[in-house]
Amino acid sequence: MATESTRDQIFAQTQQVVDFAFTAAVADVFPDMVRRSVPGYETVISQLGVLARHYAQTDSTIYDLGCSLGAATLAMATQVRQPGVQYICVDNSEAMIQRCEQRLQRQLPVASFQTLVEDICQVPMQRASIVVLNFTLQFIQPAARQALIERIYHALLPGGVLILSEKIKFAEADQQALMTELYLEFKRANGYSELEISQKRSALENVLIPDTLAVHHERLQRAGFSQSLVWFQNFVFASMIAVKA
Ligand SMILES: C[S@@+](CC[C@H](N)C(=O)[O-])C[C@H]1O[C@@H](n2cnc3c(N)ncnc32)[C@H](O)[C@@H]1O
Ligand SMILES: O=C(O)C(=O)C[C@]1(C(=O)O)C=C[C@@H](O)C=C1
């Protein structure tokens with residue numbers, strides 16, 4: 001059984017690179033992988049607790065879409081004080097959901113959460129005070145993104161929020177080059193080899209498709225959100241909050 005600290009060596013050996021997928025092998029090393037691959041990940045997770053504490057509404061639902069091992073839900077559940085809040089964690093990776101369910105069972109009252117193996121583009125949602133897409137929209141086909149954001153908007157209660165964390169790209173080539181180079185340095189500083197970095201880049205190429213912040217803001221506004229703003233940014237990663245009036 002893998003432990004929380006099992007080291008990510010998924011791309012350490014030379015291999016025939018295939019499209020990246022959230023397999024059992026990835027789920028086993030995910031806490032280490034995401035911590036060493038997403039600058040600011042731990043800050044984003046802990047701040048989700050602060051945001052949830054502020055935006056949770058009594059007798060409402062909080063959705064964690066693309067929940068992986070449930071880190072966002074655990075951070076939020078630790079901070080939320082409002083009564084009657086239900087957490088629904090959705091992921092289409094069975095390996096992730098199995099491990100997520102075990103983790104949540106150890107830490108939250110069983111009646112307070114549900115885990116679902118489902119496509120987030122299909123899952124029904126309603127009465128949401130908060131929807132979290134933490135590094136997940138980037139894996140959804142670009143053509144399906146607007147419809148998903150619109151379904152989230154309609155599921156939110158007045159005053160509800162979408163918290164959207166993403167890998168981003170920059171419209172200006174010089175900014176893209178600078179931020180990418182600094183991000184690569186972050187990976188090297190975290191012990192990834194040039195082989196690991198380049199094999200993972202190839203594996204993600206057709207799977208993780210980033211948008212610019214301008215595209216995100218435009219999509220959120222088109223869906224109806226009255227406000228969208230960046231509350232966190234670190235190299236090629238950012239997190240936005242979008243408010244439904
Ligand atoms: C980078 S991880 C998310 C990390 C997680 N939200 C966290 O904060 O630790 C992306 C997750 O999205 C899931 N995912 C990707 N496409 C999906 C889809 N169409 N429906 C449901 N889950 C999806 C993957 O299985 C994976 O677990
Ligand atoms: O390693 C990268 O290049 C990443 O983009 C990091 C990233 C992500 O942003 O989702 C990619 C896949 C893993 O899920 C963990 C992190």
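The largest nonpolar core of this predicted model has 60 residues. Those with the most contacts inside this core are Leu48, Ala52, Ile62, Ile130, Val131, Val132 and Ile163. Take Leu48. Leaving aside neighbours within four places in sequence, Leu48 is in contact with Ala72, Ala75, Met76, Val132 and Ile163. Val132 and Ile163 are also on the list of core residues with the most contacts. In soluble globular proteins, nonpolar side chains tend to be buried together.

Now step back to the whole chain. Of its 245 residues, 38% count as buried. The secondary structure comes to eight helices and eight strands. Among contacts between residues at least 6 apart in sequence, 77% join residues at least 24 apart. The C-alpha atoms fill a box of roughly 50 × 45 × 30 Å along the principal axes. Why call the protein a compact globule? For 245 residues, a compact globule would have a radius of gyration near 18 Å, and the protein has 18 Å, so the two agree.

One stretch carries a database label. An unreviewed UniProt entry annotates residues 62-160 as "domain: Methyltransferase". Over this stretch the chain is 37% helix and 27% strand. Its end C-alpha atoms are 10 Å apart.

Finally, turn to ligand 2. Around it sit Met33, Val34, Ser37, Val38, Phe135, Lys167, Lys200, Leu204 and Leu208. Two elements, α1 (24-37) and α7 (194-204), each give two or more residues to this shell. The largest share, three residues, comes from α1. By class, the shell around ligand 2 has six nonpolar residues, one polar residue and two charged residues.

Conventions. Residues are numbered from 1 along each chain as its sequence is written. Chains are lettered from A and ligands numbered from 1 in the order in which they are written. This is a predicted model: local features need pLDDT of at least 70, side-chain atom pairs count only at pLDDT 80 or more; totals for chains, interfaces and linings use all residues. A residue is near a molecule or strand if its C-beta atom, placed from the backbone, lies within 6 Å of it. Helices (H or I, at least four residues) and strands (E, at least two) are DSSP runs, numbered from the N terminus. Ala, Val, Leu, Ile, Met, Phe, Trp, Tyr, Cys and Pro count as nonpolar, Asp, Glu, Lys and Arg as charged, and the others, Gly among them, as polar. A nonpolar core is a set of buried Ala, Val, Leu, Ile, Met, Phe, Trp, Tyr and Cys residues joined through C-beta atoms within 7 Å. A residue is buried if 20 or more other C-beta atoms lie within 10 Å of its own, exposed if 12 or fewer, and partly exposed in between; C-beta atoms are placed from the backbone. Two residues are in contact if their C-beta atoms, placed from the backbone, lie within 7 Å. UniProt positions are given in the numbering used here, feature names are shortened, and annotations may be inferred rather than shown by experiment. The radius of gyration is taken over C-alpha atoms; the globule rule is 2.2 Å times the number of residues to the power 0.38.
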